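Dear colleague,

Here is the structure I promised to pass on to you. Please open it beside this message, and my notes follow below.

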Amino acid sequence: MTQDYHILISEGKIEAALSVLDDLIKLSPDDDRLLFERGKLRWRIGDRAGATGDYAKASMINPESPAAKALEQARDIADFFNPDLYNP
């Protein structure tokens with residue numbers, strides 16, 4: 001069942017893949033890999049807060065997780081400010 005979400009993603013069924021990941025995370029809440037995967041999907045659909053939360057949880061569980069880098073990048077994007085965009 002763990003690989004089922006990969007098939008759903010490849011078929012473009014993101015909501016279904018998220019549902020599978022939600023169920024897997026309920027069964028294994030300390031699996032940083034699953035949290036990272038869900039975070040990537042949440043980012044993909046525009047749920048930036050949900051993705052950042054998943055990255056943060058995964059990073060707390062495993063500081064060596066790729067989620068740590070994703071969290072850093074997500075925070076950089078959130079903190080980006082370009083005054084030229086507001087003053088044409």
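On one side of helix 2, E15, K26 and L27 are exposed, whereas I14, A17, L18, V20, L21, L24 and I25 of helix 2 are buried. What covers the buried residues of helix 2 includes helix 1 and helix 3. Helix 2 itself has 14 residues and spans 20 Å from its first C-alpha to its last, which is close to the 20 Å expected at 1.5 Å a residue.

Please keep in mind that this is a predicted model. The chain holds five helices and zero strands, and of its 88 residues 34% count as buried.

The largest nonpolar core has 21 residues, and those with the most contacts inside it are Y5, I9, A17, L34, L41 and Y55. Two or more residues of this core come from each of helix 1 (4–10), helix 2 (14–27), helix 3 (32–44), helix 4 (48–61) and helix 5 (66–79), with the largest share, seven residues, given by helix 2. If we leave aside its neighbours within four places in sequence, I9 is in contact with I14, A17, L41 and R44.

As for the surface, the chain exposes about 5700 Å², of which carbon and sulfur atoms supply 54%.

With best wishes

Terms used: Residues are numbered from 1 along each chain as its sequence is written. This is a predicted model: local features need pLDDT of at least 70, side-chain atom pairs count only at pLDDT 80 or more; totals for chains, interfaces and linings use all residues. Side-chain values use heavy atoms; hydrogens and water are left out. Helices (H or I, at least four residues) and strands (E, at least two) are DSSP runs, numbered from the N terminus. Buried means under 20% relative accessible area, exposed over 50%, partly exposed in between (1.4 Å probe, protein chains only). Accessible areas come from the Shrake-Rupley method with a 1.4 Å probe; for residues, only the protein chains shown count as cover. A nonpolar core is a set of buried Ala, Val, Leu, Ile, Met, Phe, Trp, Tyr and Cys residues joined through side-chain atoms within 4.5 Å. Contact means heavy atoms within 4.5 Å. The expected span of a helix is 1.5 Å times one less than its number of residues.
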